Amino acid sequence: MLASQGFGRKPVKPTIAHVRKLASKIHSLQIDSINVLVRAHYLPAYARLGPYPRDTIDTLAYRRRDIFEWWSRAACFLPVDLFPLFRYRMSLMRETSPWRPGDSGPDPGLLERVYEDVAERGPLTAAELVEAGKRGGKWWGWSAGKIAIEHLFSEGRVAIAGRRNFSRLYDLTERVIPKKVIDAPAPDPEESRKRLLCLAARAYGVATASELIWYFGIDQGRAERRKGPNGKAPRPIGRRLVAELVDEGRLVPVRVEGWREQAYMYSGAKVPGAVSVRALVGCFDTLLWRNTQQLFGFTQQLAQQLYVPAEKRVYGYYVLPFLLGDTFVARCDLKADRDRRVLMVQSAFLEPRQDARRVVPELTDELRQLQTWLELDQIEVADRGNLATRLRRNLREIEGSR
């Protein structure tokens with residue numbers, strides 16, 4: 001599973017080719033607005049490859065057009081070759097647009113006026129639209145113009161041409177996605193879903209049906225769960241498709257000791273002899289989309305950390321697990337103080353039954369590498385956590401010996 005997720009021996013000098021190959025292996029680099037340490041989509045490549053050039057993903061997305069922004073399980077960067085496999089979902093989004101005659105909400109013509117605005121003046125941010133509108137309402141406080149352009153994006157009529165201060169720049173899809181990709185034939189909806197399930201199996205190595213379905217958001221979201229003329233949403237079909245893929249020989253059922261659910265591998269998968277990893281894993285990494293308790297005996301508690309009041313957080317706010325060998329051995333709450341140029345380790349916790357004498361030197365080296373990659377001058381370790389004192393002492397000893 002770790003090898004399928006791109007973990008293993010790191011290149012001596014990671015290049016854009018390594019990052020592009022990784023994107024085609026794990027398929028999804030989740031995007032999130034939180035920037036406490038570094039943007040979420042930069043961390044998966046760092047965890048697997050080490051200190052690669054930080055502008056690489058922006059180059060792949062907005063200049064080379066090898067990856068593109070869209071919705072899979074969440075907002076992600078995806079290999080551009082997957083664009084045809086999501087056309088069915090884009091079509092569903094057009095059918096479920098809430099702005100049709102009889103719907104409550106903005107003028108049904110707003111979608112087309114926004115589209116024409118982008119066609120004439122794009123790329124544009126939502127705030128730059130002629131009919132941007134005022135913020136407010138039920139949709140995360142979005143303006144009517146923002147809601148309209150996001151629908152056009154979900155429908156595949158506009159795409160993300162770039163970012164300005166992390167705000168999306170929208171342009172017509174044909175001016176963003178390469179022509180050969182747009183012209184490529186799209187499989188029918190069920191075959192598209194099946195291919196996505198197979199790609200999920202390749203990315204996970206071994207996984208349950210629910211994990212395969214979850215990876216690209218099959219049976220999830222407003223598009224997949226659109227209501228029909230009878231007002232009812234369709235029944236989920238992911239498990240039926242997994243069964244059909246087994247019948248077709250594209251997935252192989254396997255048994256994993258200790259798992260209650262049936263597991264699956266893609267046909268032709270090879271199990272490596274061993275994989276040894278040393279990595280700080282980002283909160284939104286695809287590795288943590290899984291049942292880490294089942295796989296590693298490790299509970300990430302993402303929701304309990306990021307989205308609850310500070311007094312209820314167990315480990316801190318932006319907590320990264322530390323993977324060593326094939327085991328999560330520690331976790332740290334990290335923050336980049338860019339004004340002071342300091343990597344702040346706001347907490348450091350050793351996992352149960354782990355040896356601090358083994359973990360501390362490895363974690364120290366990893367933190368120092370992260371500090372260099374983020375172009376920060378020093379590391380500060382706070383008092384919180386059962387690993388904090390030893391970690392701080394080790395860092396001081398290294399600094400004192402230089």
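On a 1 Å grid over the protein atoms alone, a pocket is an open set of points with protein on both sides within 12 Å along at least five of seven lines, and a cavity is a set of points where a 1.4 Å probe fits but cannot get out; lining residues have an atom within 4 Å of a point. The model is predicted, with local features needing pLDDT of at least 70 and side-chain atom pairs counting only at pLDDT 80 or more, while totals for chains, interfaces and linings use all residues. Residues are numbered from 1 along each chain as its sequence is written, and side-chain values use heavy atoms, with hydrogens and water left out.

**The second largest pocket**

- The second largest pocket has 25 lining residues, and M1, L2, A3, S4 and P272 lie nearest its centre.
- Two or more lining residues come from each of α1 (16-26), β8 (263-266) and α12 (292-296); helices (H or I, at least four residues) and strands (E, at least two) are DSSP runs, numbered from the N terminus.
- Helix α1 provides the largest share of this lining, three residues.
- The lining comprises 15 nonpolar, five polar and five charged residues; Ala, Val, Leu, Ile, Met, Phe, Trp, Tyr, Cys and Pro count as nonpolar, Asp, Glu, Lys and Arg as charged, and the others, Gly among them, as polar.
- This pocket holds about 640 Å³ of space, where a volume is the space filled by probe spheres set on grid points, which are joined across faces, edges and corners.

**The cavities**

- The whole structure contains two cavities of 30 Å³ or more.
- The largest cavity has a volume of about 40 Å³, and its lining includes A61, Y62 and R65.
- Strand β2 gives the most to that lining, with three residues.
- The lining of the largest cavity has nine nonpolar, no polar and two charged residues.
- For the second largest cavity, the lining includes F68, W70 and F83, and β2 supplies the largest share, three residues.

- In β11 (residues 327-337), nine of the 11 residues are buried, meaning under 20% relative accessible area with a 1.4 Å probe and protein chains only.
- Strand β10 (residues 319-325) pairs with β11 in the antiparallel sense over six bridges; two strands pair if DSSP finds at least two bridges between them.
- One residue lies between β10 and β11 in their hairpin.
- Strands β11 and β12 (residues 342-350) run antiparallel and are joined by eight bridges.
- Their hairpin has four residues between the strands, and R341 in the turn has a positive phi of about 60°.

Note on methods. Buried means under 20% relative accessible area, exposed over 50%, partly exposed in between (1.4 Å probe, protein chains only).
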